[in-house]
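Work through the exercises below with the sequence and the structure at hand. Each task is followed by a solution that goes step by step.

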Amino acid sequence: MSWGTELWDQFDNLEKHTQWGIDILEKYIKFVKERTEIELSYAKQLRNLSKKYQPKKNSKEEEEYKYTSCKAFLSTLNEMNDYAGQHEVISENMTAQIMVDLARYVQELKQERKSNFHDGRKAQQHIETCWKQLEASKRRFERDCKEADRAQQYFEKMDADINVTKADVEKARQQAQLRHQMAEDSKADYSSILQKFNQEQHEYYHSHIPNIFQKIQEMEERRILRLGESMKMYAEVDRQVIPIIGKCLDGIVKAAESIDQKNDSQLVIEAFKSGFEPPGDIDFEDYSQPMQRAVSDHSLSSSRGDGKPEPKFGGRSKGKLWPFIKKNKGATPEDFSNLPPEQRRKKLQQKVDELNKEMQKEVDQRDAITKMKDVYLRNPQMGDPASLDHKLAEVSHNIEKLRLETQKFEAWLAEVEGRLPARGDQARRQSGLYDGQSAPAVNNCAQDRESPDGSYTEEQSQESEVKVLAPDFDDEFDDEEPLPAIGTCKALYTFEGQNEGTISVAEGETLYVIEEDKGDGWTRIRRSEEEEGYVPTSYVEVYLDKNAKGAKTYI
């Protein structure tokens with residue numbers, strides 16, 4: 001089955017067919033290009049969709065993602081982002097492995113087709129030229145034969161005519177011989193050209209055209225094979241991402257299976273638990289008896305309207321009625337005292353954590369500046385050490401400011417958690433013991449911590465705020481055996497211990513460590529048997545004895 005033998009006379013049709021084959025390739029390239037654009041558009045829409053539903057930073061939405069159902073949804077969004085990435089991979093691979101490759105092949109195919117058909121046309125033109133030469137030789141031979149016949153007939157006529165002179169007859173005879181010679185020459189030329197044409201025609205139809213058509217056939221078959229390979233690659237590009245897409249879908253299923261409804265219910269309790277006890281029974285007040293009625297501490301009515309102090313019984317606070325009483329809508333107090341106890345504790349803990357992070361950043365910055373200053377001191381040509389003093393002092397001031405702020409919130413947190421005695425607790429205990437005695441004193445202590453609407457507030461002067469900045473370390477030292485030293489420390493900076501439980505140290509001083517930092521930013525040290533206290537951990541460099549009991553190893 002060869003185009004050269006079967007289609008020897010279909011040059012024009014083959015030319016049209018091969019052009020149609022190239023058009024099919026270009027059509028397929030266009031199809032793949034549109035598919036890649038669809039994949040990119042789909043991936044972009046998926047990414048935008050995932051981004052649209054991502055929680056906004058520092059917003060209420062971000063807090064909601066502590067629930068397992070919301071975490072699963074966030075995982076779904078992340079998996080969809082990866083899913084979109086696989087569609088981008090499909091687009092990239094189809095562009096690189098199909099479109100670019102096929103476009104290059106089409107250019108090569110066009111060039112090869114042009115060359116083959118150029119050779120075919122050249123062979124056609126050659127055989128046509130030979131044919132024209134044959135036709136011209138044939139016509140010339142035919143003309144010379146006719147001229148020879150006419151010359152012979154004229155000679156015979158002249159020879160038969162007795163009136164014609166002998167010279168005229170001789171002239172007619174010579175003319176007839178000349179025409180016969182010309183006819184013989186034309187015959188020989190025609191025979192030679194005909195033989196040459198037959199040879200050229202045989203080579204044309206049995207050699208040149210079959211070879212050219214065979215090349216064209218091979219070219220067309222390669223085109224068909226290449227198109228098939230491209231279609232296989234088209235499917236393979238999709239198949240390559242199926243395992244990864246499957247993993248994305250598995251991730252979504254795993255996220256869905258990780259949803260824990262019980263855990264979410266517990267988180268709701270932690271988020272909204274007030275810490276208050278449900279209100280007790282309301283006492284019966286008998287208005288039919290003309291006697292002095294005791295005011296119930298559980299009554300929803302307020303006895304403060306008559307200007308008399310409200311007694312407290314057993315330390316029971318009107319704060320228990322908090323769920324039924326409208327909250328203040330004013331500005332939030334710094335100590336979050338407008339919140340229920342449990343919510344207040346969480347807010348204070350969050351604030352302490354934020355302050356510790358900020359202080360750690362400042363400490364790291366101070367350490368970096370100190371190292372840079374040391375470098376400048378050793379290598380003055382690199383910079384002036386004095387130029388860093390202002391920045392170092394500013395950072396140290398910020399650290400001290402953050403430290404005091406942290407101590408203030410830690411004190412409030414400790415008070416909420418019961419680690420430190422709250423102001424007014426002693427008075428409330430006394431009011432419970434003496435059952436209403438010294439009511440004005442009780443009122444002064446209790447009402448300071450209770451707003452008129454029943455919410456929990458903390459009203460104190462700046463002076464008392466300063467006193468509660470540092471934790472009450474003094475209680476920890478009472479009736480304790482002296483702790484053994486677990487290492488030594490060197491003071492990096494001077495610290496003026498003005499609060500109870502702290503100790504003053506001078507820069508460069510070496511002291512004993514008797515209790516390491518437990519995460520609150522304070523280290524307990526001793527100068528002598530009678531003088532010990534707490535200093536900020538960031539103010540000292542600690543060298544723990546590895547053999548000491550309770551000592552930790554630092555890397």
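**Exercise 1.** In this predicted model, does Phe-73 count as buried, partly exposed or exposed, and what is its relative accessibility?

*Solution.* Begin by finding the residue, whose place is in helix α4, spanning residues 68-160. Next, recall that partly exposed lies between the buried limit of under 20% and the exposed limit of over 50%. Phe-73 has a relative accessibility of 37%, so it counts as partly exposed.

**Exercise 2.** Find which residue forms a salt bridge with Lys-110, and state which helices the pair ties together.

*Solution.* The partner is Glu-26, and the closest N and O atoms of the two are 2.7 Å apart. Lys-110 lies in helix α4 and Glu-26 in helix α2 (residues 11-52), so the bridge ties together parts that are 84 residues apart in sequence. As for accessibility, Lys-110 is partly exposed at 32%, and Glu-26 is also partly exposed at 32%.

**Exercise 3.** Describe the salt bridge between Glu-39 and Arg-35, and decide whether its partners are buried or exposed.

*Solution.* The closest N and O atoms of Glu-39 and Arg-35 are 2.7 Å apart. Both residues belong to helix α2, where, being four residues apart, they are separated by about one helical turn. Glu-39 counts as buried with a relative accessibility of 6%, and Arg-35 is buried with a relative accessible area of 16%.

Note on methods
Residues are numbered from 1 along each chain as its sequence is written. This is a predicted model: local features need pLDDT of at least 70, side-chain atom pairs count only at pLDDT 80 or more; totals for chains, interfaces and linings use all residues. Side-chain values use heavy atoms; hydrogens and water are left out. Helices (H or I, at least four residues) and strands (E, at least two) are DSSP runs, numbered from the N terminus. Buried means under 20% relative accessible area, exposed over 50%, partly exposed in between (1.4 Å probe, protein chains only). A salt bridge is a side-chain nitrogen of Lys or Arg within 4 Å of a carboxyl oxygen of Asp or Glu.
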